[in-house]
Amino acid sequence: MTQIKSNKLRGILLGAGFVAIAAFVFTGCPGQQRMLDTGDAAQKVYVAPGEHDEYYAFFSGGYSGQLSVWGLPSARFLKVIPVFSQDPETGYGYSEETKPLFNTSYGFIPWDDSHHPHISQTDGDADGRWIFINANNTPRIARIDLVTFETKEILELPNTGGNHASSFVTSNTEYVIGGTRFSIPYEQDLDVPIDSYSDEFRGALSFIKVDENSGKMDLEFQIVVPPYNYDLGRAGKGPSADWVFFTTYNTEEAHTMLEVNASRNDKDFIAAVNWRKAAELVANGHGQTAPGEYYHNYYEGNQGYAISEQKNGVTILDTREIDEDFIYYLPTPKSPHGVDVDPTGEYIVGGGKLATVIPVHSFSRMLQAIEDGAVVERIDGIPVLDYDATIAGEVENPGLGPLHTEFDGRGYAYTSVYISSEIVKWSLETFEVVDRIDAYYSIGHLMITGGDTKNPDARYMVGLTKTAKDRYLPTGPKQNHPAQLYDISNDRMELLLDFPTIGEPHYAQAIRADLIKDNVAQIYEMEDNDHPHALTRIADNRVERDGNVVRVFMGSTRSHFRPDNIEGIRVGDTVYFHLTNLEQEWDVVHGIAIKGAQNSEILVAPGQTKTMKWEPNRTGIYPFYCTAFCSALHQEMQGYVRVSAADSDVPLTWRTGTN
Amino acid sequence: MKLITTISISIVLLLTIQACGDDETTDRRADVQQEEGLTDFELEHGIGPITERIEIDEEIDQELLTKGRDIYEMKCEMCHNMEGRMVGPELGNVLDRRSPEFVMNFILNPGRMAQDHPEGQKMLREYMTVMPFQNVKEDEARAIVEYLRYYAEHN
């Protein structure tokens, strides 16, 4: 008991110390920021009107649940791709086509917390085909297609609490990974006391197979591991391409006041998983089937409604029950947060957020340690390797709270440091800090163009920071999160830009624009419209009643709807407007909104069909109109629906163009 | 130092602006020439990818007709009637007024036709709207012409 108390006290003092340091950092004057001469900086980010940026950058939206797209180096905001949250701007999550994407085993979930976007890779380099992103809260992974910049698939992860160590891909996009931030009872819906944590709770590391042609995901297996918090993950590359590394904290197995209780151990672990071997074990029948309900939501064909497939059962590898070793623990100081692998695949860098050094493990030394049997203990069958046998170096004096590292491919690593709010650049040869620069303020992730790949471009670095404070014109007690753009092409890092973003830009990825922009779709070709309620022959525009369900097969072009006068709708009807945009010109968008609709407008891209549901609850005349400013006669693009009483015998009629 | 920077930025900017300006001027000049000097072919048959007379058999090509009707019903009928004006002109008798090449160029290049062709400009004034490009390919425009021929013959 005394022991516990004293530990608690020590923890509280430690916590208080950090708060004091953090307070000093926050309240301290930002000092002189190091940036290029203003003119030089302006020139480096200047992209002339009408010209295109060199890079697409994808910033996660954090608690917005979305993914925003930016051009670099200008920091032009390009668009928000809605992913895990409803978006009234586009009708995403409101239209009948997109609603099924939000189905989960917990019901319809219209929001989540999206953290780590990751672009699909071929041979360790970003290939620009898809981008994946994780949902933390109700664990899911989404796949966004980079031809249409639309969310095409959302896969729920069962038996997982907080999918934070996600959605990183292996170097040929064989797998995208998921991981439990919160361990929970693996057996689903288990109702047990919380203090049975060590006995009943387990972690789950998910391996989701990605179809190489379609990108479609499939939850192939989960590894059931000791009940720690699995925080972040990264795949190896080159020689380490068959491995994935996860950080763990809370090896103390605390379930309350983790701030203190999960900060006691000097070292936690990086879990090194040989995914190829794990997949072989599964293929050879070493896996078991465990219950696990989850939803898999995706599109089939070119257009139409997302399909929600309800699944049950997942293949698991339980380290307690498998004799062969395919996962190893690498002791790492101290509650490591990030884990990042350098471009050669040799160095595995841990971000010990409470550590005073940045520990760097060597992949080749790790293999040697495994061969030499340098195992200090086994936890639930998992060999713990000797720290001295795997460590290649410790970077001294990295600042307070090192978190995440990316690389420039020229022999340097760049680590974000949260508490002291800076970025440190250090040498992968000497493990010494060679440069440091302030971040405004409290940096989380950083991103270098190509900085997590085999061949970084390393032109620019973006710091993703958590508070804006005084950086821009003030906008109230809660302000948007900032990002900073740095030039890292020279020996010293230089600040170029500081700009507010959307939601919480938690992590970001960037890719050379030429790898994406020529593939981007300009229209949905009408001939390929396979939506079951599409209007492919204009003369087929019509209204159909089946009981209380009324379907309007509607077309739009500049500047009218067809039909635009509808009568015979009754109170109590459920009306579906299936609107096909009959335009075939790039960026000519039409939308529809009707008075009293209890959802949002729907935007429809050229050649696309989208559906708005409407349940009129009062009689009267309801105007509807095009919400997208589409032409000079946009204000003329409107229509009327007459709604009669539930028992009315007004016949169902529709027309266009006959006054 | 600052002065030098400012001057060099100004020069760079000047060069950039100059470069862009040049492009634009060239474009416009080309347009002006076009406007003033459309070829006889363009005046009669429109501006666009069809630059010479096409051969059309007297007999209706059934395959082409079906294809043309499908495209017409998918991409044209929102704005055109065969009989009577709607958003755009009636099309049942369009081949009495225009050559097949003119119709094809109008389908394939509606923006330029409205802007630069005297007939297109006249129609823009009359109908108050620019016909949208409907992603119709050259062979599809030819098929639409076949359907228009068929319609004219049978109505």
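This is a predicted model: local features need pLDDT of at least 70, side-chain atom pairs count only at pLDDT 80 or more; totals for chains, interfaces and linings use all residues.
Local features are reported only where pLDDT is at least 70 and side-chain atom pairs only at pLDDT 80 or more, whereas totals for chains, interfaces and linings use all residues. Residues are numbered from 1 along each chain as its sequence is written, and chains are lettered from A and ligands numbered from 1 in the order in which they are written.

**View 1. Chain B is built from eight helices and zero strands.** Along the sequence the pattern reads α-α-α-α-α-α-α-α, where helices (H or I, at least four residues) and strands (E, at least two) are DSSP runs numbered from the N terminus. Of the 155 residues of chain B, 29% are buried, a residue being buried if 20 or more other C-beta atoms lie within 10 Å of its own, exposed if 12 or fewer, and partly exposed in between, with C-beta atoms placed from the backbone. Among the contacts in chain B with a separation of 6 or more, 72% join residues 24 or more positions apart; two residues are in contact if their C-beta atoms, placed from the backbone, lie within 7 Å.

**View 2. Helix α5 (residues 100–108) of chain B is mostly covered.** Nine of its nine residues are buried, including B:Phe102, B:Val103, B:Met104 and B:Phe106 as well as B:Glu101 and B:Asn105. The cover over the buried residues of α5(B) includes α2 (40–45), α4 (94–97), α6 (110–116) and α8 of chain B.

**View 3. Helices α3 (residues 62–75) and α8 (residues 138–154) of chain B pack against each other.** Their axes lie 7 Å apart at an angle of about 100°, and α3(B) and α8(B) are therefore roughly perpendicular to each other, the class for angles of 65 to 115 degrees, whereas angles under 35 degrees count as roughly parallel, over 145 as roughly antiparallel and the rest as oblique. Axes are lines fitted to C-alpha atoms, for helices over the stretch in contact, and angles run from 0 to 180 degrees between N-to-C directions. Among the contacting residues are B:Leu64, B:Leu65 and B:Ile71 of α3(B) and B:Ala143, B:Ile144 and B:Tyr147 of α8(B). The residues of this contact divide into nine nonpolar, one polar and four charged, where Ala, Val, Leu, Ile, Met, Phe, Trp, Tyr, Cys and Pro count as nonpolar, Asp, Glu, Lys and Arg as charged, and the others, Gly among them, as polar.

**View 4. Four strands of chain A form an open antiparallel sheet in the order β3-β2-β1-β35.** β3 (76–81) and β35 (508–512) of chain A stand at the edges, each with a single partner strand, so one side of each has no neighbour in the sheet. The twist averages 20° from one strand to the next. β1 (residues 55–60) and β2 (residues 67–72) of chain A pair in the antiparallel sense over six bridges, pairing requiring at least two bridges found by DSSP, and A:Tyr56 has A:Gly71 of β2(A) as its bridge partner.

**View 5. Chain A meets chain B through 23 residues of chain A and 17 residues of chain B.** Elements giving two or more residues to the chain A side are α2 (38–45) and β37 (549–557) of chain A, and α2(A) gives the most, with three residues. By class, the side of chain A that touches chain B has eight nonpolar, seven polar and eight charged residues.
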